[in-house]
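Reader: I would like to go through the side-chain pairs and the backbone exceptions of this model. Please show the sequence and structure before we start.

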Amino acid sequence: MKNVFFSRFYLVLFSCFLGQTVFVLAQKNKDNFAIPKPSTAEEIQKSILDNQTLRQQTLLKDYPVRSVGPTIMGGRVVDIEANPRKPKQFYVALASGGLFKTENNGQSFKPIFDHQDRLTIGDIALSYSNPEIIWVGTGENNSSRSSYAGFGVYKSKNGGETWQKVGLENTQHVGRIVIHPQNADIVWVAAIGSLYSKNKERGIFKTQDGGKTWKQVLFVNDSTGVIDLVINPKNPNQLWACSWERSRKPWDFKEGGIGSAVYRSEDGGETWQKSMEGLPESQFLGRMGIDVCIQTPNILYLVVDNQKRIKKEPKPTSEPEKNLKISLKDLATMSKETFLALPDADLDTLLRVNRFPEFYNAKRIKNEVRKGLYLPKQIAEYNKNANDDLFDTEVIGAEIYKSEDGGKSWKKTHTKPLETMFFTYGYYFGQIRVNPIYPHQIYVFGVTLQRSDDGGKTFKPLQPEKIHADHHAMWINILDSEHILVGNDGGVYQSYDAGEHFIHLNSIPAGQFYTVAIDFEKPYNIYGGLQDNGTYFGSSKSVPNQNENWENIGGGDGMFVQVNPQNNQELYVGFQFGNYYRIEKSARKRKYITPKHLIGEPPLRFNWRTPLLLSKHSSNILYIASQKLHFSLNKGDTWNTISPDLTKNRPQGDVPFSTISAVAESPLKFGLLYVGTDDGNVWITKNNGDTWENITKGLPENRWVAHLYASTHDQATVFVVLNGYRFDEFKTYIFQSNDYGKTWTSLKNNLPDEVCNVLIQDLQNPEILYLGTDQALYVSVNQGKTWQIMGKNLPNVAIYDLVQHPRDNELVIGTHGRSIYVIECKYLQNVEWDKQIQIFSPIIEPSAQETNLITYFKQDTSKKVTVKLWEDNPTQTMIFEKDFEIQKGFNCLKISLKNDQGERLKKGKYKLTIQQGTDSQEITIML
């Protein structure tokens, strides 16, 4: 049987052949890993102003951009608020996609926050005294891998028609906003602060003049923010708050600490006292959520993510394992002698049940144990991986506490553990709601949504098989407490019977895409992996809420998708931490293909967003990356490891780190590969892994390599995107090399300082570059010397991935918060920038009643233009004449294709003219 890995002997020789630089570099950085400094408030402010300037000056304001959805799976909702007097009017806040409003009880939604400085939201609040007043706190309140920092607090006095920024810019993440029930000018903001660094702009802030001035009324320390805050509606001087100490690093997450506590105020938040009687010690308090019963405000409930470690109960035995005569647990304490005496048949059965690679059998493993290559204990630990660790908790987790004396003391409500509520990631949930009228009915959010009707003694999961998991938001109708709205990673759900049944209001394009891919069907399909919504594919002609036809083909947090260009029935999909499958759609087959390490070797470390690459030179060749690069000649059936550890091999915390985060293959030469790591290394091989060269010199140190792109036009050209997002450094790092990485040139130039995610080169014109950042899509038509921002038709949302269709010449834009957009590249490729007027021939659908005419104007000295359409025949009958207001750059003009009687024009040839002052241009169009 072919060994799917290099032999240990070959790996040793391979490392020696490379020289000692790999080992020395890794060892050096274990002790000297320079952590980038977080961006200052002044630097962030400047980047905002620079972004605004580019938006005003861009020639691409009206460039045609179309949304293709999908909406079917929803996306991460962080808050829902409804008008208490008109519940059919409500607002949905997305983690990274802005704010939506409905006036018709969720039958349709419209975005109302698309072009503010940040679209990431932590909390929203409506004034009870005037529901037209709405506040938005930017910066998601969940501390996940893709929780973006915000830029302060915004206020609208007209239901979201217009917005005013009212300060607190460097709070970065907002936990809760509370508005005084009688005086809308008095507002409290609970700020969590920065996610990956320390800052003092956290705690509780209060304004008494509608946001003109602020006072910090509670500050614990520079690592502790306030995650939740509630008010007594009958006595607004009484408030309760939950502080939370947390420290997230790329390699570790500390989810609690001595700064965590419950606080109480009796003077409108001017002063605060701890209220800890009956609660766990502060050092064990992770994220908390608190709520008060409106009708009976002396009753409060608290949900706690208790981080105290406990003795782990053994997992239930699966059906296949019940019939085993030995288990992996037995091997963990077994001596070498006892192991060697095991019957081969029993050991072979154990290996197959636990999905060991096929080349491992009893004979081979016993021989290697006999030689001392490893111990039975290492066999028992072989299958341990990061994804299992998400659910394999060693802490108490979710607990519910109740107070009946206004928050002065607390008592745990239940005796049985809430095991399926948080697992290891309680930092992602931690909210609780109380029925406003009946204080014994409460809802707790976590992986599942659970309701208790007896004050927290017992809990009932609410339709876990029908509604999406991972819950973050709930609104309860005070006029009808059985009417609830729920927000989770799958969007918005509505119930009229207290959660017994739900309706999915899935019409918001809120998908958080990690990656996108395409096939060569006509029309082509778009594929993508989404945060907590698996992998989907659908038509590139999809129109949200009209003709969507998206299908699910994978679960978990969907990651890279690779499609066989000759046969789109064969594709590769996966989920977090490198779990990938080969799928044969027509045969309904799937095979797990992720490579594994050899027993006794260090486990493979897979990035959350593990790169998987189908070779451009053969549809049988795959690459996948851990801390090493793996190569398959047979579609993932077997693997060879073609590199040593290419990372700095940093010490590991509870988050996998020192992994490969980006891989690129040259389309011009087989075996020319680039690899980037999350700890800042960039490597090149020109011979498919026989030799490697570190080409990091000249790049910023220790930044996450977000993307690599090997040019389709020049073999020696490569682009690299790095970012310091996981250190709260929001700067632009994009570079180009024309000599295989020997030297690097920054392409930042006139770009704002923003976290960059992806950069690709136009397939037809090497001068055109497309860049996706956390704030926008940028385009350069002169190879990065200057950049334009894609304008009003694309929200200010994070762009995670870009792919250009080589046949259809369209750019597919994968956003992390607003699903997928598409633009046609031909206008950028063919525009004559010095021409005063340019008309692009429209694509007219056979039955279309109108068409969008794409035009370019070099100047806007005369902002009014006249468009005329007439028959191209001897009579030259005028069909259409209209004046349009235009702006400098691209414009999209809507032209009617109907005559005076309202009928669609007959087939034939027509002339179209645009007149701007003394300048004009004419084209012929066919219907």
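Author: A salt bridge is taken here as a side-chain nitrogen of Lys or Arg within 4 Å of a carboxyl oxygen of Asp or Glu. This is a predicted model, in which local features need pLDDT of at least 70 and side-chain atom pairs count only at pLDDT 80 or more, while totals for chains, interfaces and linings use all residues. Residues are numbered from 1 along each chain as its sequence is written, and side-chain values use heavy atoms, with hydrogens and water left out.

Reader: By this rule, what does the count of salt bridges come to?

Author: The rule needs a nitrogen of Lys or Arg and a carboxyl oxygen of Asp or Glu. One example is Lys 748 with Asp 753, whose closest N and O atoms are 4.0 Å apart. Counted this way, the salt bridges come to 34.

Reader: Is Lys 101, which forms a salt bridge with Glu 103, buried or exposed?

Author: The closest N and O atoms of Glu 103 and Lys 101 are 3.3 Å apart. Buried means under 20% relative accessible area, exposed over 50%, and partly exposed in between (1.4 Å probe, protein chains only). Glu 103 has 39% and is therefore partly exposed. Lys 101 has a relative accessible area of 6%, so the class is buried.

Reader: Which residues are linked with Arg 451 in a network of salt bridges?

Author: Here the salt bridges link up into a network. Besides Arg 451, the network holds Asp 453, Lys 460 and Glu 500.

Reader: How many aromatic pairs are there, and what is the angle between the planes of Tyr 360 and Tyr 382?

Author: Rings of Phe, Tyr and Trp (its six-membered ring) pair if their centres lie within 6.5 Å; planes under 30 degrees apart count as stacked, over 60 as edge-to-face and the rest as tilted. By this rule there are 35 aromatic pairs. Tyr 360 and Tyr 382 form an edge-to-face pair, 6.1 Å centre to centre, with the planes at 80°.

Reader: Where in the chain are Tyr 360 and Tyr 382, and how many residues apart are they?

Author: Helices (H or I, at least four residues) and strands (E, at least two) are DSSP runs, numbered from the N terminus. Tyr 360 is in the loop between helix 7 (344–353) and helix 8 (362–370), and Tyr 382 is in the loop between helix 9 (376–380) and helix 10 (386–391). Tyr 360 counts as buried because its relative accessibility is 0%, and Tyr 382 counts as buried at 3%. The pair links distant parts of the chain, 22 residues apart.

Reader: What is the distance of the charged end of Arg 145 from the ring centre of Trp 608?

Author: A charge sits over a ring if NZ of Lys or CZ of Arg is within 6 Å of the ring centre and within 35 degrees of the ring normal. Arg 590 lies over the face of Tyr 581, at 5.8 Å from the ring centre. For Arg 145 over Trp 608, the distance is 4.0 Å.

Reader: Which side chain is joined to that of Thr 913 by a polar contact of 3.4 Å?

Author: Thr 913 is in strand 64 (residues 909–916) and is buried, with a relative accessible area of 12%. Leaving aside neighbours within four places in sequence, its contacts (heavy atoms within 4.5 Å) include Thr 866, Trp 870 and Glu 922. A polar contact is a pair of N or O atoms within 3.5 Å; within protein, one must be able to donate a hydrogen and the other to accept it, and residues adjacent in sequence count only if both atoms are side-chain atoms. The side chain joined to Thr 913 at 3.4 Å is that of Glu 922.

Reader: Which residue is joined to Pro 523 by a cis peptide bond?

Author: Most peptide bonds are trans. A cis peptide bond joins Gly 69 and Pro 70, with omega about 0°. Pro 523 is in the loop between strand 32 (513–518) and strand 33 (525–530). Omega is about -10° in its cis bond, and the residue joined to Pro 523 is Lys 522.

Reader: What is the phi of Arg 588?

Author: Arg 588 is in the loop between strand 38 (579–584) and strand 39 (589–592). Its relative accessibility is 79%, so Arg 588 counts as exposed. Phi of Arg 588 is positive, in a residue other than glycine, and is near 55°.
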